[in-house]
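This report walks through one structure, element by element. The sequence and model come first, and the description follows.

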Amino acid sequence: MRILIADDHQLVRRGVGGLLSHEAGWEICGEATDAPQAFEKARELRPDLILLDISMPGGSGLDTARRIRQEIPHVKILIMSHHDAGHFLPSALASGADGCIDKARIAVDLVGTIKNLQTHNLSNSKIS
């Protein structure tokens with residue numbers, strides 16, 4: 001599975017990348033630091049999954065998810081937020097994302113959430 005990580009904080013990108021690099025068959029195919037770059041890299045790289053920060057320079061993650069979903073309908077999109085994921089889940093789903101995860105829970109829940117999306121093709125993957 002090819003994964004694009006879009007977050008304006010290098011520490012988050014590196015931490016998430018390090019966490020996911022231990023999973024067999026998963027590859028970090030690219031990184032983006034702002035919303036326009038996330039959209040362009042998604043179009044260029046055609047990843048299977050995009051981890052998308054809800055708040056980035058150049059636009060919101062929700063607006064970016066909407067644009068990506070129109071361009072690449074099959075891609076899985078998981079919104080990452082510093083705030084309560086449950087609060088943003090309805091907006092994330094309305095934007096075309098497949099779920100929302102609280103950044104405070106990434107180390108504990110991200111791998112399982114991705115496996116759920118991958119294996120069961122589930123939406124509404126709320127992690128809070």
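## Strand β6 and its partners

Leucine 52 has isoleucine 79 of β6 opposite to it. The model described here is predicted. Strands β3 and β6 pair in the parallel sense, with five bridges between them. At another position in this pairing, isoleucine 50 stands opposite isoleucine 77 of β6. β6 also pairs with strand β7 (residues 99–102), again in the parallel sense, over four bridges. There, cysteine 100 of β7 is the bridge partner of isoleucine 79.

How many of the six residues of β6 are buried? Six of the six are, so the strand is largely enclosed by the rest of the structure. Lys76, Leu78 and Met80 lie on one side of β6, while Ile77, Ile79 and Ser81 lie on the other, and both faces are covered.

## Strand β3

Strand β3 is likewise enclosed: five of its five residues are buried, so the rest of the structure largely surrounds it. Leu49, Leu51 and Asp53 point one way from β3, and Ile50 and Leu52 point the other way.

Besides its pairing with β6, β3 pairs with β1 in the parallel sense over four bridges. In β3, the residue opposite leucine 4 is isoleucine 50.

## The nonpolar cores

The largest nonpolar core has 24 residues, and the members that touch the most others are Ile50, Leu52, Ile68, Ile77 and Ile79. Which elements each supply at least two residues of this core? They are the strands β1 (2–6), β2 (27–32), β3 (49–53) and β6 (76–81), together with the helices α2 (35–45), α3 (61–71) and α4 (85–94). The most comes from α2, which gives five residues.

Isoleucine 77 has a list of contacts beyond its neighbours within four places in sequence. Among them are Leu49, Ile50 and Leu52, as well as Ala65, Ile68 and Arg69. Gly96, Ala97, Asp98 and Gly99 are also in contact with isoleucine 77.

In α2, the buried residues are Ala35, Ala38, Phe39, Ala42 and Leu45. Viewed down the axis of α2, they fall within an arc of 155°, so they line one face of the helix. An α-helix has 3.6 residues a turn, so residues three or four places apart point the same way. The buried residues of α2 pack against the strands β1, β2, β3, β4 (55–56) and β5 (59–60), and against helix α3.

Helix α1 (residues 10–20) has Val12, Arg13, Val16, Gly17 and Leu20 as its buried residues. Down the axis of α1, these fall within an arc of 125°, so they too line one face of their helix.

Arginine 46 is in the loop between α2 and β3. Most residues other than glycine have a negative phi. Arginine 46 is not a glycine, yet its phi is positive, at about 50°. Its relative accessibility is 38%, so arginine 46 counts as partly exposed.

Arginine 67 is part of helix α3. Is arginine 67 buried or partly exposed? With a relative accessible area of 44%, arginine 67 is partly exposed. Its charged end sits over the ring of phenylalanine 39, at 3.7 Å from the ring centre. Phenylalanine 39 is one of the buried residues of α2. The structure has zero aromatic pairs. Arginine 67 and isoleucine 106 are 39 residues apart along the chain, and their C-alpha atoms are separated by 25 Å.

## Cysteine 29

Cysteine 29 belongs to strand β2. Its relative accessible area is 17%; buried means under 20%, so cysteine 29 counts as buried. Apart from neighbours within four places in sequence, cysteine 29 is in contact with Arg2, Ile3, Leu4, Leu45 and Pro47.

Cysteine 29 and histidine 74 are 45 residues apart along the chain, with 17 Å between their C-alpha atoms.

Terms used. Residues are numbered from 1 along each chain as its sequence is written. This is a predicted model: local features need pLDDT of at least 70, side-chain atom pairs count only at pLDDT 80 or more; totals for chains, interfaces and linings use all residues. Side-chain values use heavy atoms; hydrogens and water are left out. Rings of Phe, Tyr and Trp (its six-membered ring) pair if their centres lie within 6.5 Å; planes under 30 degrees apart count as stacked, over 60 as edge-to-face and the rest as tilted. A charge sits over a ring if NZ of Lys or CZ of Arg is within 6 Å of the ring centre and within 35 degrees of the ring normal. A nonpolar core is a set of buried Ala, Val, Leu, Ile, Met, Phe, Trp, Tyr and Cys residues joined through side-chain atoms within 4.5 Å. Buried means under 20% relative accessible area, exposed over 50%, partly exposed in between (1.4 Å probe, protein chains only). Contact means heavy atoms within 4.5 Å. Two strands pair if DSSP finds at least two bridges between them. The arc is that of the directions from the helix axis to the C-beta atoms.
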